[in-house]
Amino acid sequence: MKKRLQTALFIFLIAAICSLNGGKAQGASEIPEKIQRNWALPDCGRNEEAVILSKHFYLKFTKADMALLPAALEGEKSDYWMLDLDGADVPARLEEDGVLTIGTSAKGASQKSKWDDLKLDSTAEYTGCVTTPKIVPKVLERLMRYIDRIKEQCTVSVTNECAGVLFKLADADNNNKLSDKEIRKGVASAMLFAELAEKETLTKKEGETVVKNSATPGGQIAEALLATYDANKSKNLDYNEILADFKAPSLPVVKETLLKAGNILPSFKVVALALD
């Protein structure tokens, strides 16, 4: 009984800390709306690199590796923005022809008010794209469409609203039902997100390995969810079925994934600890 009380108290304290952190995160300045889109280098037809900027995140994907970082607006200068990419100050300028220039700056660059005064180590020019550059794998493309909503709904706690966003992420055909296949793909997205949340950068090969290795746990999680929530035995999860009283399956891989994802979304760590 004493051990249970200690565990409950520990989870309560973490939840309180997460609530405070969540409040701070919500108050951070969002990435400027003008540059919240898909960017490709050198252009949308030829993708050597791709950058996706959302309200709260920065994803960079090359032929060799990928990186996912929390992002925010650090400050607005006279003709450029200073972005905060997980604590690093990165200058970015939107040119009149729609090209986004992102620089690697030297120390003290954040004190300069004009772009031309910056002593940049290097720059990269990205072209704005209507669709997601093909170099970005499908498993990340859909994740980036929902990642801001996941952060906003799942920062403090995993509520029904949070579960609803995660459901929509997995519901690839938008029919308000999750098939076994969609659950498996959703698990692949979750596991890749979790690895990026823990390590920030993965090689392309490492990312492919994560997706490949998600097949077995994906099947286990799909089986557990269908057994628990498929009330009418339709072999699909209905939106209303899973939102009634959703709880993550008590599987080791689920806890591991939640703990890793908790590096960006602290509430997921609380859920992971509660699985014990």
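I looked up β5 and found five bridges joining it to strand β6 (residues 88-94), with the two running antiparallel. Two strands count as paired if DSSP finds at least two bridges between them. The model is predicted: local features need pLDDT of at least 70, side-chain atom pairs count only at pLDDT 80 or more, and totals for chains, interfaces and linings use all residues. Residues are numbered from 1 along each chain as its sequence is written, and side-chain values use heavy atoms, leaving out hydrogens and water.

I checked the β5 and β6 hairpin next: two residues lie between the strands, and Asp86 takes a positive phi near 50°. Met82 has Pro91 in β6 as its bridge partner.

I then turned to strand β4 (residues 65-76), which pairs with β5 in the antiparallel sense over five bridges. A hairpin of four residues joins β4 to β5. Ala72 has Asp84 in β5 as its bridge partner.

I looked at cover: four of the five residues of β5 (residues 81-85) are buried (under 20% relative accessible area, with exposed over 50% and partly exposed in between; 1.4 Å probe, protein chains only).

I moved to His56, in the loop between β2 (47-53) and β3 (57-62). His56 is buried, at a relative accessible area of 6%. Beyond its neighbours within four places in sequence, its contacts (heavy atoms within 4.5 Å) include Glu30, Leu69, Asp148 and Glu152.

Last, I noted the whole chain: nine helices and eleven strands, these being DSSP runs (H or I, at least four residues; E, at least two), numbered from the N terminus. Buried residues make up 45% of its 276 residues.
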